[in-house]
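Q: I would like to learn how to read a few features of a structure. Could we go through them one at a time?

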There are 2 protein chains.
Amino acid sequence: MIDRLCVIGVGLIGGSIAKAAREGGLCREILGVDADGDNLAKALELGVIDSAFDAAQPGGLASAAESADWVVIATPVGLLSPVLVALRPVWSALAVYTDVGSTKQSVIEAVVNVFGAVQANFVPGHPIAGAERSGVEAADGGLYRNKRVILTPLPETDEAVLRRVETFWASLGAKVSLMTAAHHDEVFAATSHLPHVLAYALVHMLGRKDQQQEIFQYAGAGFRDFTRIASSNPQMWKDICLLNRGQILPLIADLRHELDGLAALLGAESADEDLLAYFTEARDARERFLAQFPDESR
Amino acid sequence: MIDRLCVIGVGLIGGSIAKAAREGGLCREILGVDADGDNLAKALELGVIDSAFDAAQPGGLASAAESADWVVIATPVGLLSPVLVALRPVWSALAVYTDVGSTKQSVIEAVVNVFGAVQANFVPGHPIAGAERSGVEAADGGLYRNKRVILTPLPETDEAVLRRVETFWASLGAKVSLMTAAHHDEVFAATSHLPHVLAYALVHMLGRKDQQQEIFQYAGAGFRDFTRIASSNPQMWKDICLLNRGQILPLIADLRHELDGLAALLGAESADEDLLAYFTEARDARERFLAQFPDESR
């Protein structure tokens, strides 16, 4: 059992961790830290946290973290470095530290930059449960049920701390996987970061066209689904893309190559069979992906 | 009031037209034509149609159409030419003909090829209500409510016939717009065909990666939404893409150019502000698109 859980960043992700931890009886007390005073007040009012610490005030973050035995950093990944700098003076070898950032090599680099070395009691983590909603009012104690959580421990990571973080997420209903940070960043560059980049690029391009020709009024539900991730927070995704650009840029190049090939197929004299085979392979690949989902909407 | 409505292709689109027309009291009798015997039997059994004509039998299609005063061609757009060839011997100047194809210049070309000239009583149409579901069992009398239907009449189109087709769709609850076939094909290449091509290309590329590295198991709901259209019927989309490739190929080139620009931004030394501005512009463009939708899920 956790005595004092400190959640830094009480938005959708952090707020949902707090709610789920409380509902599961995993902790005695929850300390919430946020730089957005309105969101912080709301978190307190909703009972998501027991006490509120304003990260915008000097020492606000540190005074919450120093009395906690479990610290979850749930800020956007772009804020990880300043959070670590604020944590450093009160960092305790007896506490457990973990995060929820969407890129993992950058998080480990930030730890090394701030502390001079990997910290054995910090377990880098990434719950796969994003959404376009944000803020504590969107928090949901069931958010992590049947969702994947990736942990990317290092050789230096304390084995007992790692087990505790695994158990914590499992108690929230998540399916925990371990992999290296490099593999994590490679996988998510492909299945998450590249699709976001692509959705932003398509909507950016068509947005210009729309201003000339009003094409959006004729777009339907397929377009709405396809572009939903282009409504994601631009600040957060700017950070993710920059922090993982080493993985994303080669994938953009791969995709351009893929589009060249498809354009060549489409333009060919007798394109029929090849194009059908191409679309069928893609459809079948998506069916393989869908097979992982239980019965929910596809 | 239509006396005998003949629906050629009693799938999701045609079946929904039949159900909606009956529920709205727009016709006395519905003749269904389909080349899939099981689907045809099901349509009869469900009462979606009053009599069934097997398009796979010689003369099946013609014998349904010749007694009808209103003929809706609701086959995949790739089958339009053979359907027109079968209709030609029984074509009546007193009947109304319309279609639902996703490309419109190709449909008009097919009419000219088969008949030697545009037909004044044929109104090219396109309801924007696709879905990945198919078959008459998915048919829904409310499918066209608040959906857009585009009609692309020609100078030769009979004005009274056009008004009747407009009224027909409006009676099914649709919002009818008129535009040229060329403009239709340009708009839908951008908002529908290009996204499909892109989704197929992305999933095709990642499918290969998945076979090496099992990346799909870590993909989440964002990826599922983004790739939903890659589960669309490959045969139907192969036809659409080939029939409208003149519009789609330049857009693929534009998108490659867009991706080059975005990759350059992402790789730049001081990318921060420019990338944030880019993503923000894209997000704002999507908000403009969403503003057209009432209150439903975004």
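Predicted model: local features only at pLDDT ≥ 70, side-chain atom pairs only at ≥ 80, totals over all residues.

Q: At what angle do the axes of α10(B) and α11(B) cross?
A: Helix α10 of chain B covers residues 245–267, and helix α11 of chain B covers residues 272–290. Their axes cross at roughly 140° and come within 9 Å. The crossing is left-handed.

Q: What relates chain A to chain B?
A: In general, a rotation about an axis and a shift along it relate two copies of a chain. Here the rotation is 180° and the shift along the axis is 0.0 Å, which superposes chain A on chain B with an RMSD of 0.1 Å. That is the relation of a two-fold axis. In chain A, F226(A) has the C-alpha nearest the axis, 2.1 Å from it.

Q: Through which surface do the copies meet?
A: They meet through the same surface, because 100% of the interface residues of chain A are also interface residues in chain B.

Q: Where is empty space left?
A: A probe the size of a water molecule, rolled over the atoms, shows this. Searching the whole structure gives one cavity of 30 Å³ or more. The largest cavity has a volume of about 30 Å³.

Q: Which residues line the largest cavity?
A: The lining consists of I108(B), V111(B), V118(B), Q119(B), F122(B) and L154(B). By class, five are nonpolar, one is polar and none is charged.

Note on methods. Residues numbered from 1 in each chain as written. Chains lettered and ligands numbered in written order. Heavy atoms only, no water. Least-squares fit on C-alpha atoms with pLDDT ≥ 70 in both. Contact = heavy atoms within 4.5 Å. 1 Å grid on protein atoms, 1.4 Å probe; cavity = no way out; pocket = protein on both sides within 12 Å on 5 of 7 lines; lining within 4 Å. Points joined across faces, edges and corners; volume = space filled by probe spheres on them. Nonpolar A, V, L, I, M, F, W, Y, C, P; charged D, E, K, R; others polar. Axes fitted to C-alpha atoms, helices over the stretch in contact; angles between N-to-C directions. Helix = DSSP H or I, 4+ residues; strand = E, 2+ residues; numbered from the N terminus. Left-handed = near helix turned anticlockwise from the far one by under 90°.
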